[in-house]
Amino acid sequence: MQKKSKILVIVVFILVILSGVIFWVIKQNNSPVEDQQKESESTYEEGLFPEEKPIEHNLKLTIIGPEEDIIMPRQARMYNALVEGNGKYANLVRCNWKFYLNENNKEALYKEQDTSGVLSGESKEICGFTSTLMDKVGKLRVVLTMTVYNAVDDNLESISAEREYIVQN
């Protein structure tokens, strides 16, 4: 009986050691996965995935038309702008043109025009329209506000440009 109890103790001892070795091996193999999961979770919480880099949004808007600084009343003119850079995750734009006329040393909103367009990944002319809207003389200040929006109609970004003209006969 003593021999059987010694064998039983040895078998239990071997099982305990074997269990410890198996547990240690499993722990070593799972450690990198847990670290990777923790890193992935923290990256997800920050909102940036390792393969994604933040995009710089550097839109620049310039009124390029009409080209000349002097406009004649009731003369058809192409009002146009040049946009450079990239917008925030969208390609639809609304353009709001405001025309302020200074007659007799008092500037007032004379007319307003809304247009729309599509923004692409490259520099391009945008927000253009042709009109004979100026029928008075004076100093004209043109302000263009371009708003980038997405399909859900969220206004993502707005930029403005301004240019001055003289309207004379």
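# A disulfide, a sheet and some rings

Colleague: What is the torsion about the S-S bond of Cys 95 and Cys 127?

Modeller: The torsion is about -55°, so this disulfide is left-handed. The term covers a pair of cysteine sulfur atoms within 2.5 Å. Cys 95 and Cys 127 have an S to S distance of 1.8 Å.

Colleague: What kind of model is this?

Modeller: This is a predicted model, where local features need pLDDT of at least 70, side-chain atom pairs count only at pLDDT 80 or more, and totals for chains, interfaces and linings use all residues. Residues are numbered from 1 along each chain as its sequence is written, and side-chain values use heavy atoms, leaving out hydrogens and water.

Colleague: OK, back to the cysteines. How many disulfides does the structure hold?

Modeller: One. Cys 95 sits in strand 4 (residues 92-103) and Cys 127 in strand 6 (residues 124-131). Strands here are DSSP runs of E, at least two residues long, numbered from the N terminus.

Colleague: Are Cys 95 and Cys 127 buried or exposed?

Modeller: Cys 95 is buried, with a relative accessible area of 1%. Cys 127 is buried too, at 3%. Buried means under 20% relative accessible area, exposed means over 50%, and partly exposed lies in between (1.4 Å probe, protein chains only).

Colleague: New topic. How many aromatic pairs are there?

Modeller: Six. One of them is Tyr 79 with Trp 97. Their ring centres are 6.2 Å apart and their planes meet at 65°, so the pair is edge-to-face. Tyr 79 lies in strand 3 (residues 77-84) and Trp 97 in strand 4, 18 residues apart. Rings of Phe, Tyr and Trp (its six-membered ring) pair if their centres lie within 6.5 Å; planes under 30 degrees apart are stacked, over 60 edge-to-face, and the rest tilted.

Colleague: Are Tyr 79 and Trp 97 buried or exposed?

Modeller: Tyr 79 is buried, with a relative accessible area of 1%. Trp 97 is buried, at 0%. Trp 97 also forms an edge-to-face pair with Phe 129, at 5.6 Å centre to centre and 75° between the planes. Phe 129 is in strand 6, 32 residues from Trp 97. Phe 129 counts as buried, at 10% relative accessibility.

Colleague: Which residues form the aromatic cluster?

Modeller: Tyr 79, Trp 97, Phe 99 and Phe 129 form one cluster.

Colleague: Now the sheet. What is its strand order?

Modeller: The order is 2-8-7-4-5. This is an open sheet of five strands with mixed pairing. Two strands pair if DSSP finds at least two bridges between them.

Colleague: Which strands are at the edges?

Modeller: Strand 2 (70-71) and strand 5 (106-118), each pairing on one side only.

Colleague: How many bridges join strand 2 to strand 8?

Modeller: Two, and the strands run parallel. Strand 8 spans residues 155-167. Ile 70 stands opposite Ile 166, and Ile 71 stands opposite Val 167.

Colleague: In what sense do strand 7 and strand 8 pair?

Modeller: Antiparallel, over 12 bridges. Strand 7 covers residues 138-149. Leu 144 has Ala 161 in strand 8 as its bridge partner. The hairpin of these two strands has five residues between them, and there Asp 153 takes a positive phi near 70°.

Colleague: Next, Asn 155. Where does it lie?

Modeller: Asn 155 lies in strand 8. Asn 155 is exposed, with a relative accessible area of 55%. Leaving aside residues up to four places away in sequence, Asn 155 touches Arg 94, Thr 147, Val 148 and Tyr 149. Contact means heavy atoms within 4.5 Å.

Colleague: How far is Asn 155 from Val 93?

Modeller: They are 62 residues apart in sequence and 9.3 Å apart in space, C-alpha to C-alpha.

Colleague: Last one. Where does Arg 94 lie relative to Tyr 149?

Modeller: Arg 94 lies over the face of Tyr 149, at 3.8 Å from the ring centre. The charged end of Arg 141 sits over the ring of Tyr 100, 4.6 Å from its centre. A charge sits over a ring if NZ of Lys or CZ of Arg is within 6 Å of the ring centre and within 35 degrees of the ring normal.

Technical notes: Helix = DSSP H or I, 4+ residues; strand = E, 2+ residues; numbered from the N terminus.
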